[in-house]
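Reader: I have a model on my screen and some questions about how its chains meet. Can we go through them in turn?

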Amino acid sequence: MWRNFTALLVAAFVIALPFTLRQRKNASAWKPGDPVLVLVSPHNKAIEYEFGQAFSRWHEKEYGQPVKTDWRSIGGTTEIMRYLAAQYVSAFRAWWIGQGKPWPAGTGEAILDERFASSPPSSEIASNPEALRQWQIKRQAHTEFRRVDDANAFGAKIDLFFGGGAYDHEKAWRQGLTVEPWPPDSPPPDTIFGEDAGELIPERLGGEKWRSKTFFGNALSTFGICYNLDRLKDLGIAKPPRSWSDLTDPRYFGQLGVADPTKSGSIAKAFEMIIYSECYRTVVAAGYAPAQIAEYETRIQQAGLPPGVMCEGVPSAYQEAVEQGWLAGLNLVRLICANARYFTDSASKVPIDVSMGDAAAGIAIDFYGRYQAQYSCGPNGEPRMVFVTPVGGSSVSADPISLLRGAPNREIAIRFIRFVLSEDGQKLWNYQPGTPGGPVKFALRRLPIRRDFYPSENPHIQTAYERHRAFTTDDLGQPGVNPYELAYSFPYYPRWTARHFNVQRDLIRIMCMDAGEELRAAWRAIIRNGGPQRLTRAMQALNRLPSQPEPLDWRSALTMAAPTPRERLAYMREWTVYFRQSYREAREIAESSSP
Amino acid sequence: MIRQRTAWILFCGLTGILAVLFFWPLWSVIRGGFFFEGRFDYSYLVGVFTNPVYAEGLLNSLRLAVGTTILAILIALPLAWLADRYNFPGKPILSALLLVPMILPPFVGAIGFQQILGQYGALNSLLRLGPVDWLGRGRYFGVIILQALSLYPVLYLNAAAALANIDPAMEEAAENLGCAGLRKFRRITLPLMMPGLFAGGTIVFIWSFTELGTPLIMNYTRCASVQVYDALKEITSVAFPYALVFVMLVAGFGLYAVGKWTFGRQAFAMQSKAATGRSATRLHGSRALLVALPFVFVIAIALLPHLGVVLTSFCEPGSWYRSVWPARFTTANYVEALSHEMTIAGIRNSLLFSSLAVLVNLVLAIAIAFVVVRSEIPLRGMLDALAMVPLAVPGLVMAFGYLAISAQLSNLPWVKDRPFWENLLDVRTNPTLFLVIAYAVRRLPYMVRAIAAGLQQISVVFEESAANLGARPLTALRRITLPLIMANIIAGLLLAFAFSMLEVSDSLMLAQRADFYPITKTIYELFQLIGTGKYVASALGVWAMVFLAVTLVGSGLLLGRKLGSLFRI
């Protein structure tokens, strides 16, 4: 009896606890009939809460009505992209078939394929009347899908795609899922251009696209290195990592947390920047001064010659240095990955693991790194973990917002974009909670994109920066934090690595992840048997690049930039076999030359 | 036995239901791996076998499954046998605690592991070992050990139910004929409990063949489940993972069929149910301690990650570092987690979705088990295997499948803009139906295996006697068969309910609006908060664990002594 009573009491307590602690919802001014805005976002609940509340207040002040923000959460950005694509194909298919039009197999893929409109039918299709007819239907559907922007016709029942990376928003636009909220040459005032301050949000900076006609970056992030001070001491590393190449130190073997470049466009871009920075270093080491590099690149761009062909006045040795630098960059990435403990798609995992000492160092996004460093301080505030932006460069990427095709609440959605890009919206990213115009509850600690939140020589911008400075959580003008300073300090020539983006990603995946076990085994054998300086033959085997389908170098990689799925499958298989073989050979050489 | 005609009707109906609820959404996704520009293409499928990394991944998954199943049997079988034979002080609480490893909440479970086994974790601090890298070394064996420690309850429950069904007269007869000790166990007890062991064993085997969480925690990436996950999350949309899913599905189906052919046929039905019950030997003093020791040992190891989560939930941020336990404790994480407006809705939703799913499960599983065990139609083995394959498909793939089906249905002219149908079929409006289906289908194998095992152990003579005395088939089912296999039903219900409450993939993708988040998605959302996320999410995770434990104990109270006697625990 007593046992049952006690158990029931415990059960009642457990169930009652959340009800007792439940917070009363803030009395909202919103009532049925007022506007609603539907957003899909990978952002966390803190961001949703602050932007939802602030936008409703802003809207009520500007337009007399509060807005209810209906956030849809479908996992990470990859899941959102797949979800949106499937929703649009399904909705368009129903609309298309509803008009009595045929839907041949493969139409779903065709309407999302940007290249479909521009490429003519293959000779096989052209010679077959039925296949040609079907192809023409697909083309018609493709055109119609990208023409219609009407919620009554088709759509995803969602207004905005908020957050994720520029890569994903660019892809969404190429798939026809997003539309322009306003004519590109006349954005609303005080969003992209300020009255006195000029351009507030650059289109591109430091190799990254920050806005386009359909997507608008609104917060910035960089990739950097976080490290645990105690673990470094354990490993006998007196000098903390300051550059990407520091992470190739054999003492980090099995101790690096690395963000996975195959699962995020922003991380893939960060890896491109690691390769790029090594490229730049190699070119400078070959005797070319920054000014000279800038001059050569201007000439090359103006000449418009095929990739790798030098114009008059630019020595071929210069191009050779770029190509050598690219190979050196790949090897740098390979050795960082050889030290990797894991690759993760979770943005928070690396900083959490480093703060707990479960990894000695790692590659992480700035605000996650800084936030975690603050939360992991010792009892007297002594730091355990440090986040640094690497010397020699890191990319500064933007988190954009896009208006979706067939948005059911288009007008409100455009107002939300305006709000996010306005000074009021931007304050939420870094103002301290409770400050005027700042977030109510959570410190978001993200970097706003607008120029007027950072120091500048422009007096109008500088005045605005001084005004914001008193309320921001981080000192946005501080070197290492100021993303504009980082971006400007990093001359980026897209010719060097941007067109290799896809093949670089595949290459990193295969040589570092698919063949990762063999890579780590070879690297461990090299470390144990004398190290990379001594075992040059083993290192040569480790650093080899495939010779199939053709010897892989800077030039041949360009021809593989846009493979068909079948070609990709074939070369990925060949490369996997190749790298595994090379790594096994490197391991054997290392083990047979033990000191 | 059920009549041939009834069996065929049930077979067709059940196959149809499985086709609609499982194979349709699955096919809507994996067909991408077989069609290129509208034409059939098998190059992706060939790619799975010709790329050495993927072929090796499949083989490694198989090795993990074999290793995990063997270890889980080695843990669960002796414990179930001891619980069946002996009574000792503390047995009820130890038996209940043995089941707790299966209710480790998602996301924060990994944090629990790290806090205990990390380089600066509690274990190294306790033993003053320095930064020994437990999670970084011996990854293959590490995965097997961790999986076995979290999955043995499935085997334990099934084995306990099977032992409870054994008629003590059989063993007594063996003893009278001079067969005692280990020989009796090997020749009599083990064959009689084989259906239960097979039921638990196949679930653990297929589960560990496709398990994703533990290999990810241990960073063991060269196995099929992680390869599928990695490929699905890749930013380039590729069809390759779907071909790999198909191979895993066929492998799961085939492995089950082989297992069934090899081990599952050895079912010996008993003419009488152990209703009178063999009285367990009562132990005291050192003998009781000796028997309790293995329970304590297994529980102590298996609950280490839970302990990690509990301590994290009471930990002030940053205060558990290079120490056995946190330096500073707080209840603030609980206040933040439990006061969140998502939490109450999450509890309500999880209870609703899981309860409905378990009900659907129960009806389907009884019907399937009857066709499989109590009919002689030639295709019954196929239905049996079909009911097992939901376990072999990654959750993420099924979630994409249900989304695709919902998108198709919600755009039908008679659904669009009609609130009733939109609420039912459009996950964007209300995901209840799809979440219930997803939970039910993915948890169906537990229930089918448990009930089928019960039916195999109970002779058909009881039902035939009822029929001879004029009972209609449904009456015989309700009054005779179901009470006889109640232990198995409860075992299946407990597993299905607990795992539905902890379901992750479907919940993450199908519950898109905060009003419909189940508790797992609420934990996920809290975990995403930077800085305090892991502490707050751990607090809600602990609440979920306690709530599930209370539910399990509560159902025990509701059933009174019946539960104990049904399981003899």
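**Contacts, salt bridges and cavities**

Author: This is a predicted model. Over all chains, a search of the whole structure finds 54 salt bridges.

Reader: How many salt bridges does the rule find across the interface of chain B and chain A?

Author: Side chains of opposite charge can pair when their charged atoms come close. The rule asks for a Lys or Arg side-chain nitrogen within 4 Å of an Asp or Glu carboxyl oxygen. Across the interface of chain B and chain A, the count is 11.

Reader: Which residue forms a salt bridge with Arg322(B)?

Author: The cut-off is 4 Å. The closest N and O atoms of the pair are 3.6 Å apart, and the partner of Arg322(B) is Asp230(A).

Reader: What area is buried between chain B and chain A?

Author: Carbon and sulfur atoms give 51% of the buried area. The total between chain B and chain A is about 7700 Å².

Reader: Which three residues of chain B supply more of its buried area than any other three?

Author: Together they supply 11% of the area that chain B buries against chain A. They are Ile235(B), Arg428(B) and Ile530(B).

Reader: Which elements each supply at least two residues of the lining of the largest cavity?

Author: The search finds seven cavities of 30 Å³ or more, and the largest has a volume of about 80 Å³. Its lining takes residues from both chains, including Tyr368(A) and Ile530(B). By class, the lining has six nonpolar, five polar and one charged. The elements are α13 and α14 of chain A together with α26 of chain B.

Reader: What is the volume of the second largest cavity?

Author: Among the residues that line the second largest cavity are Arg384(A), Trp320(B) and Lys534(B). The lining divides into four nonpolar, four polar and two charged. The volume is about 70 Å³.

Reader: In which helix do Glu272(A) and Lys269(A) both lie?

Author: Glu272(A) and Lys269(A) form a salt bridge, with the closest N and O atoms 2.8 Å apart. They are three residues apart, about one turn of the helix. Both lie in residues 265-285 of chain A, helix α10.

Methods. Residues are numbered from 1 along each chain as its sequence is written. Chains are lettered from A and ligands numbered from 1 in the order in which they are written. Side-chain values use heavy atoms; hydrogens and water are left out. Buried area is the accessible area (1.4 Å probe) that two parts lose on being put together, summed over both. On a 1 Å grid over the protein atoms alone, a cavity is a set of points where a 1.4 Å probe fits but cannot get out, and a pocket is an open set with protein on both sides within 12 Å along at least five of seven lines; lining residues have an atom within 4 Å of a point. Grid points are joined across faces, edges and corners, and a volume is the space filled by probe spheres set on the points. Helices (H or I, at least four residues) and strands (E, at least two) are DSSP runs, numbered from the N terminus. Ala, Val, Leu, Ile, Met, Phe, Trp, Tyr, Cys and Pro count as nonpolar, Asp, Glu, Lys and Arg as charged, and the others, Gly among them, as polar.
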